[in-house]
Amino acid sequence: MTEQLIVHLVDDVTPGGVMRVLDHILTAPDLRRGARHILRRVDRVRVVSRRIEADMIVSHLSVNWRGLPHLIALRAMHPDVPLLHVEHSYTQAFTALNVPHKGRFHTLLRVAYALFDRVVAVSRAQGDWLAQRGLVDPDALRVIPSCVALERFRALPAPASRRVIGAIGRLHRQKGFDTLIEAFRALPDPDLELHLHGDGPDRDLLRDLAGGDRRIRFRGHGGDPAAIMAEVDVVAMPSRWEAYGLVALEARAACRPLIVAPVDGLRDHIAAGATPVRGGGVAAWSTALRTATAAPSTPDARAPEAEAAFADAWQQLIGELVAPSRAAAA
Amino acid sequence: MPKASIVVPAFNVAATLPATLNALLAQTFDDFEVIIVDDGSSDSTVAIAEHYLNDPRVRLVRQPNRGLAGARNSGIAAAQGDCIGFCDADDLWEPEKLAAHVAHLDQNPLVGLSFSGSALIDDAGHLTGLAQRPRLSGITSAHVFQRNPVGNGSAAVMRRAAQRALAWRPGFETERDWVFDETFRQSEDIECWLRLSLTTDWTIEGVPGLLTRYRINNAGLSAGVDRQYASWQRMVAKLRPLAPAFFATHEPAARAYQLRYLARRAISDGKGDQAVQLMRQSLRASLRPCLREPLKTGSTLAAAGMLAAFGPRPIAWASRIAAGRGPKPERNG
């Protein structure tokens, strides 16, 4: 059996969720059965200048009006190569908060997605949105929740206490840490701590919000995600939008109580046991933090199927598109 | 199952309910139900409503008083239609209103809330010559916040899916979900519309025509301008965490428009000093209303000043003259 060559295109290689998922795709043993995945960084302005030799091309590119001609060129130069797009960014809540003219934006997405043989949603909630909005043809839509290697998170012992609340992610308004800081400050317990792991454009603003509260600690960009998870007892994700939320998956694998805003992909994690905080207000978050830090136990779920389900879904997709005859014979 | 449901919150509205129901039952679009929600009335509202139950399209839901938002939520919970509209029990719908909104929603799958302009009527139900003619298309969250194009509580027909996207159930609520926030006794409309715009990707769009007759109730018109402003401020404080950057950009102008609106209510109520104070606050908040609508802002300032200086008579006289084509009143919250 010959090895299939799968080329993944990416235009933004800043460390973060997308690159971690890609790294997992490139290295997960289950995904390397019969296929070789390689990563190709492309320029945002000039996507393809010549044909890419591959059995399948997977776009992890950002979709926007400026890039649309390049997506069209990509399609035109590879009429016979299966072309996929993984939508890492856009969601219903993203659209609500960032897009003034929603109709125009929906048109862009519909046009761009129509260029691909398959569009992959990274969460069930995002997939539902793409389907309900008619942005992707139902036959072309697949849902593959994002994944990373979780064994090191599963190896972490369940937290002994509920003292340290972790906020893990970019210090950007998307993550809603401003709400979290205000909600935390309303808690009187002097032993509780809020640790923010990450950096970003809102660092100064968040530091101001934290004021002189010495229980709130800015830990900076911490590096190893499993080591960060080991240091926190409860994970809070008050995101304003979130395509999937890898941190939530990691928190589940590490058996950390998880409280989330019920938006977009975070709803997938609610279905898996995370606690939703409705209403989005500071008071609601204070209550949720108080409850979560007082809760005695956490179900020991550990997201057991995540990597296998991810690999299976990708293998199935590759089989469906690249070697239909072989898949049928197998 | 009917295609559309019209929710009629009814609290002590014996005098106006028949006209409202007659107007709804005369809709040209015929696949609909009317859900009257008696919100704990102590007058003959229930008896009147029961009289209409002979019509198979009419249903009555009764509850202890929960306020307008609570009555609407109960109506939504009982509604069976895919399109759910609201008509307060002292307002009237033009016969073609429901047809226009149903067609609009059917033809525009991204629109979650369809509204229209309104003609204003007085206590006796007569047209005043004034109207709300808001912007109908290209409506962004900023428009919703600053100008509330939906205008009043009897203008909107929503898609059920859009309401579902908004619904949540507070911990203490045991019966049904909330679409409108029942902790608000005022500003519950704008809170809901702005939340729709900020938390979902449903769009808000209008259809042409003055399809609602909206009653301006002169008795107790400014039943607490202060209270109204406080509830608007609470609405802002509630929604700000959803989108701090949005509020940082648009709040000053929205506040200026809201204060100007309240100043106009104070003028109608004959309170000149209060109107002057509110206009000063409005100008301090933002000059945008001055730049965008210099005539309306200027006339409000002038009226406030005249009222404070000379008392109500010159203003009453001027507004009678202006009624034919004067500045449009609006309802921002």
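Analyst: Strand 4 (residues 83-87) and strand 5 of chain A run parallel and are joined by 4 bridges. This is a predicted model, in which local features need pLDDT of at least 70 and side-chain atom pairs count only at pLDDT 80 or more, while totals for chains, interfaces and linings use all residues. Residues are numbered from 1 along each chain as its sequence is written, with chains lettered from A and ligands numbered from 1 in the order in which they are written.

User: What makes strands 4 and 5 of chain A a pair?

Analyst: Two strands pair if DSSP finds at least two bridges between them. Strands 4 and 5 of chain A have 4 bridges, so they pair. Strands themselves are DSSP runs of E, at least two residues, and helices are runs of H or I, at least four, all numbered from the N terminus.

User: Which other strands pair with these two?

Analyst: Strand 3 (residues 56-59) of chain A pairs with strand 4 in the parallel sense over 3 bridges, and A:S59 stands opposite A:H85 there. On the way from strand 3 to strand 4 of chain A, the chain passes through helix 2 (residues 68-77) in a right-handed β-α-β crossover. Strand 5 of chain A is joined to strand 6 (residues 141-143), also parallel, by 3 bridges.

User: Why is a crossover called right-handed?

Analyst: With the strands pointing away from the viewer, the path from the first strand over the helix to the second runs clockwise. Strand 5, helix 5 (residues 124-132) and strand 6 of chain A also make a right-handed unit of this kind.

User: Why is strand 4 of chain A called largely enclosed?

Analyst: A residue is buried if 20 or more other C-beta atoms lie within 10 Å of its own (exposed if 12 or fewer, partly exposed in between; C-beta atoms are placed from the backbone). In strand 4 of chain A, 5 of the 5 residues are buried, so the rest of the structure largely encloses it. A:L83, A:H85 and A:E87 point one way, A:L84 and A:V86 the other.
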